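Open the model in your viewer and show side chains. This tour moves from charged pairs to surface patches.

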Amino acid sequence: MPSSFADIDHLLRRSGFGASRSTIERLQNKSWSDAVLEVMNQQTVPAATVGVPDLDESLSYWTRYVGMTRFWLERSRTIELPLAEKMVLFWHGYLCSSLVKVGDMQAMFDQNQIFRTRGLGNFRTLLKEVSTQPAMLVYLDNAKNKVGRPNENFARELMELFTLGVGNYSENDVRESARAWTGHGLDENGHYAFTAGEHDTGQKTFFGTTKNWDGPGIIDHLLDGPKRDIVALFVAKKVFAFFGHPDPAASTAQSLANEFKASGWEISALVKAVFMHDEFRAPTARNGLLRAPFEIVVAGLRHSGLSAAEVTPEWQLGPLGQAAFKPPNVAGWKQNEYWMTSSAMWAKAQYASTIRWRSYNKDAFSSIGQLSANDAAKHALEFFGIYSPSGKTLEVVQQFIQANRAQGSPGDWSERAGLLFLPILTPEFQLA
């Protein structure tokens with residue numbers, strides 16, 4: 001049975017950054033399960049190595065930062081079904097590191113690439129790779145973790161923020177895990193290295209099991225040991241909160257956790273289970289998430305057809321509240337109310353204004369004066385991916401057109417400019 005237009009629109013907003021009517025209608029001809037499978041199929045996506053930026057240290061900080069940010073924005077803008085890039089955003093806010101502390105752009109970019117290539121793979125593999133990658137080693141201080149002088153930062157966050165959540169481990173578990181991770185640090189060139197002389201080889205008791213634990217074995221025990229059910233539920237809730245809404249029903253979260261475990265910790269299986277669950281398409285989910293600034297920016301680029309080079313949004317992400325590669329802390333960014341600030345609204349208007357003038361200068365809406373006020377309003381909203389505006393939104397845009405035409409000619413510069421600006425600030429565009 002074909003899917004509804006609204007369902008596919010919802011899927012493509014959540015699994016990506018919005019889509020054209022033609023893409024929605026193409027997938028609308030498929031059943032829901034087949035549409036989900038196509039969204040998840042990343043075989044035709046360009047390799048992560050295509051178009052990588054030059055991060056040579058001879059270049060200025062700003063040149064390198066712009067290069068790595070635009071690389072991410074352009075992949076998100078141009079790939080038709082960019083689920084992998086959406087997963088980069090998810091993991092960047094989950095397994096956090098920040099350029100502000102790490103200081104090494106290559107290390108931060110390499111972590112971003114891990115999220116890109118492993119973000120839909122196996123959770124165990126991803127967690128182990130990120131744990132021993134230079135950005136994380138610096139950000140959570142495991143590079144300083146040595147026998148006799150254990151540093152507990154990474155050991156604590158591995159449990160509190162990455163796998164279990166608060167209250168599901170003891171301080172002794174933190175201490176013993178920290179001892180297990182000693183020696184996993186950096187060499188003189190800033191690359192990961194295990195230094196045996198800096199590793200604590202003594203007996204350690206972690207969640208009731210005593211032996212000579214080593215760091216990666218801690219991850220295995222979290223996923224295979226007595227806490228595996230808690231880990232599965234914790235991660236399942238995080239993934240559903242990102243794609244669906246922040247407060248899934250207990251039964252929904254548990255069913256997703258069960259599928260995650262049954263798959264052997266395959267992230268793609270969990271994501272697919274989220275998309276296939278009835279709660280993902282329920283009204284609570286459809287209206288349950290605001291777009292994060294990165295999503296706002298990419299949606300603006302995708303629908304307008306403008307490139308990151310034309311809009312330079314890397315400078316606007318910070319004022320919007322989500323500077324790329326710079327999460328606020330190890331807990332990452334929050335959702336919904338977190339983005340609803342007066343400064344963020346001002347920044348959205350600034351971004352909308354940039355989209356307006358770049359689009360205007362490329363003759364967007366040059367023929368819109370030939371349309372009635374009603375059709376012009378619908379056309380402008382659809383241009384930005386708003387296919388089913390509320391009656392109030394449509395009325396406000398119509399009133400703008402009517403007021404403008406009462407004082408000038410249809411389709412004049414002020415009407416075009418306004419219609420290239422207003423849709424980005426509508427409630428519909430703010431919804432993920």
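Select Glu74 and Arg77 to start. In this predicted model, their side chains meet in a salt bridge, 2.9 Å from N to O. Both residues sit in helix H4, three residues apart, about one turn of the helix. Glu74 is partly exposed, at 22% relative accessible area. Arg77 counts as buried because its relative accessibility is 19%, under the 20% cut-off.

Go next to Lys86 and Glu295. They form a salt bridge, with the closest N and O atoms 3.0 Å apart. Lys86 belongs to helix H5 (residues 83–92) and Glu295 to helix H17 (residues 293–304), so this pair ties together parts 209 residues apart in sequence. Are these two residues buried or exposed? Both Lys86 and Glu295 are buried.

Now pick Asp220 and Lys128. Their salt bridge has its closest N and O atoms 2.9 Å apart. The pair links distant parts of the chain: Asp220 is in helix H12 and Lys128 in helix H8, 92 residues apart. Asp220 is partly exposed at 24%, and Lys128 is partly exposed at 26%.

Select Arg26, Lys30, Glu38 and Glu80 together. Salt bridges with shared partners join these four into one network. The whole structure holds 27 salt bridges.

Asp54, Asp56, Glu57, Asp104 and Asp110 form a negative patch. Asp110 lies in helix H7 (residues 105–118) and is partly exposed, at 33% relative accessible area.

Finish at Tyr61, Trp62 and Trp315. They form a nonpolar surface patch with about 340 Å² of accessible area together. Tyr61 is in helix H4 (residues 61–78) and is partly exposed, at 33%.

Technical notes:
Residues numbered from 1 in each chain as written. Predicted model: local features only at pLDDT ≥ 70, side-chain atom pairs only at ≥ 80, totals over all residues. Heavy atoms only, no water. Patch = residues over 30% accessible without salt bridge, like charges linked within 9 Å, V, L, I, M, F, W, Y side chains within 5 Å. Areas by Shrake-Rupley, 256 points an atom, 1.4 Å probe, with all protein chains shown as cover. Lys, Arg positive; Asp, Glu negative; His and termini not counted. Charge placed at Lys NZ, Arg CZ, Asp CG, Glu CD. Helix = DSSP H or I, 4+ residues; strand = E, 2+ residues; numbered from the N terminus. Buried < 20%, exposed > 50% of the residue type's maximum accessible area, 1.4 Å probe, protein only.
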